[in-house]
Amino acid sequence: MNLSFYFRFALSGIWKNRQIFIPYLLTGVVNVSLFYMLMSLVYNPQLADVYGGDAVTTMLSLGVWVVGIFSAIFLFYSNSFLIKRRKKEFGLYSVLGMGKKQLAGTLFCEFLCTTAIALLGGLLLGILLSRLTFLLLIRLMSYTVILKPAFSWRAIAFTAEIFGGIFLISFLIHLLRVSVSRPIEL
């Protein structure tokens with residue numbers, strides 16, 4: 001079977017199970033956007049010019065790790081919910097003759113699609129809202145700053161690396177659970 005079959009099969013599986021995929025994707029988008037907004041504040045060069053900006057940057061960098069840990073836990077939990085809801089579907093595919101290799105290919109294509117949607121959607125939402133969070137932070141600190149366009153490629157790269165790793169680990173857990181189990185168990 002070729003790659004286009006796996007992608008079509010994965011997209012139809014996502015569409016048919018949209019009631020459980022939409023909350024999973026929204027979870028990913030919101031977590032990615034929150035993480036990016038904090039990272040953009042940490043890497044914002046205008047924050048270093050403000051009195052007390054170094055302390056705020058230090059506190060935000062600690063907050064980034066807390067948000068990252070909670071995001072990983074939340075995404076692993078929602079992924080396990082997704083696995084439990086789809087066990088019967090995978091069992092049916094196995095009984096109908098789909099081997100574990102074909103099932104793994106389909107799961108990989110689903111992983112690519114959901115990761116791309118969550119990362120791109122989260123980064124776009126985060127980029128749109130990062131300016132607002134910067135203005136809110138400056139307002140809370142009672143400063144006025146001349147706004148310059150600040151777009152951080154480092155924040156985008158770091159967010160993509162962290163959440164790409166989280167989604168990859170959750171995919172490997174998903175793949176391990178499906179490959180170890182027998183069709184009767186599913």
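## Surface and charge

The protein exposes about 11,000 Å², and carbon and sulfur atoms supply 72% of this area. Accessible areas come from the Shrake-Rupley method with a 1.4 Å probe, and for residues only the protein chains shown count as cover. This is a predicted model, in which local features need pLDDT of at least 70 and side-chain atom pairs count only at pLDDT 80 or more, while totals for chains, interfaces and linings use all residues. Residues are numbered from 1 along each chain as its sequence is written, and side-chain values use heavy atoms, with hydrogens and water left out.

The protein has 16 positive and 6 negative charges, and their mean positions are 11 Å apart. Lys and Arg count as positive and Asp and Glu as negative, whereas His and the chain ends are not counted. Each charge is placed at NZ of Lys, CZ of Arg, CG of Asp or CD of Glu.

## Overall fold

Six helices and zero strands make up the secondary structure of the protein. Helices (H or I, at least four residues) and strands (E, at least two) are DSSP runs, numbered from the N terminus. Along the sequence the pattern is α-α-α-α-α-α. The radius of gyration is 20 Å, well over the 16 Å that the globule rule gives for 186 residues, so the protein is more spread out than a compact globule. This radius is taken over C-alpha atoms, and the globule rule is 2.2 Å times the number of residues to the power 0.38. Along its principal axes, the C-alpha trace spans about 65 × 25 × 25 Å.

Of the 186 residues, 44% count as buried. Buried means under 20% relative accessible area, exposed over 50%, and partly exposed in between (1.4 Å probe, protein chains only). Among contacts with a separation of 6 or more, 87% join residues 24 or more positions apart; a contact means heavy atoms within 4.5 Å.

## Helix α6

Helix α6 covers residues 153-180. At 1.5 Å a residue, its 28 residues should span 40 Å, and its end C-alpha atoms are 40 Å apart, which agrees. The expected span is 1.5 Å times one less than the number of residues.

The buried residues of α6 include F163, I166, F167, S170, F171 and H174. An α-helix has 3.6 residues a turn, so residues three or four places apart point the same way. The cover over the buried residues of α6 includes α2 (18-42), α4 (53-95) and α5 (100-140). S170 is buried, with a relative accessible area of 3%. Not counting residues up to four places away in sequence, S170 touches Y24, F76 and N79. I169 also lies in α6, but I169 is partly exposed, with a relative accessible area of 44%.

## Distances in sequence and in space

L34, in helix α2, is partly exposed at a relative accessible area of 40%. L34 and S130 are 96 residues apart in sequence and 9.0 Å apart in space, C-alpha to C-alpha.

I169 and Y51 are 118 residues apart in sequence and 40 Å apart in space, C-alpha to C-alpha. L129, found in helix α5, counts as partly exposed at 32% relative accessibility. L129 and G105 are 24 residues apart in sequence, and their C-alpha atoms are 36 Å apart in space.
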